[in-house]
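Trainee: Please pick one part of this model and take me through it closely. I would like to see how it sits against its surroundings.

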Amino acid sequence: MDKVIVITGAGGVLCSGFAEFLAAKGAKVALLDINEQAASAVAEKIRANGGTAFAYKCNVLDKADIESVHGKVKADLGACDILINGAGGNNPKCTTAHEEYESGDESRDDILTFFNIDEKGFDFVFDLNIKGVLLPTQVFMPDMIGKKGASVLNISSMNAFRPLTKIPAYSAAKAAVSNFTEWLAVHFAKEGIRVNAIAPGFFVTNQNRALLTNPDGSYTDRARTIIAHTPCGRFAEPEELFGTIHYLISDASSFVTGALSVVDGGFDAFSI
């Protein structure tokens, strides 16, 4: 795969795995992350294994910063062929304490309820997940105009289909990512640029570890509920996304655009 692939959120558990996998396939990878140290560690690992990778500190909510990084990527690797918008996540400031309304607790100030969710926290989560797709796409997509094999891959979530309790901003934002993916696919189809999304099931990552595991490593009640509703009966491993990622950005899916590919161990299909 002789392509220049730009990945945002590349220092995280999932996107770092994508970067290593694609670099091993021959891609030249630009790793963008607000955490430069995390991105640099991934780039060093890729280079140690004979791949080509550069790391860049980048704030995906700052267009001027993205434009600056874009210039550095072009100088180091060349024009972008494929963009993977992987930056995203939730924030404790807009995670409610309870799964459902509980009248006895809704007036408490020491816990988060729907009524006292931090507005700035909500804005941050929504912006990170949807503007974090919009702005990098605005900056890097011009490289793809008129180029064969160019595509954008967004990272949606099962929350886009079935909003999870406690995390309203994240669920709403991922639904927006799925919708925006379809809009982009239509808008750029005649330019030959495909735009798709992947909707992963549930993984244990640095961002959700405290929600899914106890200090002793055992699963929380929330984690056990998720697994009980996942027919495969477990959390996924990052490498179980690699095949779908590769398919969606390769010529094997040359007639696929505006698609949302679900990799969830059967979670969305489950019903009682």
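Mentor: Two residues are in contact when heavy atoms of theirs lie within 4.5 Å. Keep in mind throughout that the model is predicted.

Start in the loop between strand 4 and helix 4, where Thr 95 lies. Set aside residues up to four places away in sequence. Thr 95 then touches Asn 90, Leu 112, Lys 166 and Ile 167. Is Thr 95 buried or exposed? Its relative accessibility is 14%, and buried means under 20%, so Thr 95 counts as buried. Its side chain also reaches the backbone oxygen of Asn 91, at 3.2 Å.

Now look across the chain. Thr 95 and Thr 165 are 70 residues apart in sequence. In space, their C-alpha atoms are 8.8 Å apart. Lys 166, one of the residues that Thr 95 touches, is in the loop between strand 5 and helix 5. Check the backbone there. Lys 166 is not a glycine, yet its phi is positive, about 80°.

Go back to Asn 91. This residue is in the loop between strand 4 and helix 4. Its relative accessibility is 19%, so Asn 91 counts as buried as well. Leave aside its neighbours within four places in sequence. Asn 91 is then in contact with Phe 124 and Val 125. Val 125 belongs to helix 4 and is buried.

Helix 4 covers residues 119–140. At its start, a side-chain oxygen of Asp 118 comes to within 3.1 Å of the backbone nitrogen of Lys 120. What should the span of helix 4 be, at 1.5 Å a residue? Its 22 residues should span 32 Å, and the end C-alpha atoms are 30 Å apart, which agrees. Helix 4 also has a kink of about 40°, centred on Lys 131.

Which residues of helix 4 are buried? Among them are Gly 121, Leu 128, Asn 129 and Ile 130. Gly 132 and Val 133 are buried too. Further along, the list includes Leu 135, Pro 136, Thr 137, Val 139 and Phe 140.

Strand 1 runs parallel to strand 2, joined by 5 bridges. Thr 8 stands opposite Leu 32 in strand 2.

One last check concerns the cysteines. The structure holds 0 disulfides. For Cys 15, the nearest cysteine sulfur is that of Cys 58, 13 Å away. For Cys 58, the nearest is that of Cys 80, 12 Å away. Cys 15, at 6% relative accessibility, counts as buried. Cys 58, at 2%, counts as buried too.

Technical notes: Residues are numbered from 1 along each chain as its sequence is written. Side-chain values use heavy atoms; hydrogens and water are left out. Helices (H or I, at least four residues) and strands (E, at least two) are DSSP runs, numbered from the N terminus. The expected span of a helix is 1.5 Å times one less than its number of residues. The bend at a residue is the angle between axes fitted to the seven residues ending there and the seven starting there. Buried means under 20% relative accessible area, exposed over 50%, partly exposed in between (1.4 Å probe, protein chains only). A polar contact is a pair of N or O atoms within 3.5 Å; within protein, one must be able to donate a hydrogen and the other to accept it, and residues adjacent in sequence count only if both atoms are side-chain atoms. A disulfide is a pair of cysteine sulfur atoms within 2.5 Å. Two strands pair if DSSP finds at least two bridges between them.
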